[in-house]
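Reader: I am new to this structure and would like to learn how to read it. Could we go through its features one at a time?

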Amino acid sequence: MSSLLRFLASVLADGALAGCAASETQWMKVNESYTTAEFQRDHAACAKGRTLDEACMRSKGWVDLKPSRGDRAADSPPPAAQDWRQRR
């Protein structure tokens with residue numbers, strides 16, 4: 001039973017690490033059509049372990065779309081509404 005517990009713990013840890021390594025960068029090709037398979041092929045060719053070589057992606061014609069600071073702020077939840085009775 002402990003081996004099953006150890007396995008589940010390792011799967012959970014791997015998933016957490018993979019989530020932390022995710023980048024907010026999105027890639028596209030401007031004025032050019034492409035398929036998901038083409039993106040996955042180029043992404044795999046430019047990946048070195050868990051690190052993506054962005055210069056390699058650009059050399060293959062991809063443009064990175066990193067969200068601006070304002071875009072990231074728009075994704076955060078709005079501040080909690082105050083109760084009107086607490087205003088003075």
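Author: Gladly, and we can begin with contacts: two residues are in contact when they have heavy atoms within 4.5 Å. Setting aside neighbours within four places in sequence, Thr 25 is in contact with Glu 54, Asp 64, Leu 65 and Lys 66. Before we go on, please note that this is a predicted model, in which local features need pLDDT of at least 70, side-chain atom pairs count only at pLDDT 80 or more, and totals for chains, interfaces and linings use all residues. Residues are numbered from 1 along each chain as its sequence is written, and side-chain values use heavy atoms, with hydrogens and water left out.

Reader: Where is Thr 25 found?

Author: Helices (H or I, at least four residues) and strands (E, at least two) are DSSP runs, numbered from the N terminus. Thr 25 sits in the loop between helix H1 (2-21) and strand S1 (26-28).

Reader: Is Thr 25 buried or exposed?

Author: Relative accessible area decides this: buried means under 20%, exposed over 50%, and partly exposed in between, using a 1.4 Å probe and protein chains only. Thr 25 has 16% relative accessibility, so it counts as buried.

Reader: How far can I trust the model, and where is confidence lowest and highest?

Author: The number to read is pLDDT, the predictor's confidence in each residue, from 0 to 100. The protein has a mean pLDDT of 75, with 50% of its residues reaching 70 or more. Confidence is lowest in H1, with a mean of 53, and highest in H2, at 95. Over residues 15-21 pLDDT stays under 50, and the model has three contacts beyond four places in sequence for them.

Reader: How many salt bridges does the structure hold?

Author: A salt bridge is a side-chain nitrogen of Lys or Arg within 4 Å of a carboxyl oxygen of Asp or Glu. The structure holds six of them. One of these joins Asp 53 and Lys 48, at 3.0 Å from N to O. Asp 53 is partly exposed, at 27% relative accessible area, while Lys 48 is exposed, at 57%.

Reader: Which residues does Lys 29 touch?

Author: Not counting residues up to four places away in sequence, Lys 29 touches Tyr 34, Asp 42, Lys 60, Gly 61 and Trp 62. Lys 29 lies in the loop between S1 and H2 and is buried, at 11% relative accessible area. A polar atom of its side chain is 3.4 Å from the backbone oxygen of Lys 60.

Reader: That loop also holds Asn 31. What is the phi of Asn 31?

Author: Here is the general idea: most residues other than glycine have a negative phi. Asn 31 has a positive phi of about 55 degrees, although it is not a glycine. Asn 31 is exposed, at 81% relative accessibility.

Reader: Which residues does a disulfide join here?

Author: A disulfide is a pair of cysteine sulfur atoms within 2.5 Å. By this rule the count is one disulfide, which joins Cys 46 to Cys 56 with an S to S distance of 2.1 Å. The pair links distant parts of the chain, with Cys 46 in helix H2 and Cys 56 in helix H3, 10 residues apart. The torsion about their S-S bond is about -65 degrees, so the disulfide is left-handed. Cys 46 and Cys 56 are both buried.

Key
A polar contact is a pair of N or O atoms within 3.5 Å; within protein, one must be able to donate a hydrogen and the other to accept it, and residues adjacent in sequence count only if both atoms are side-chain atoms.
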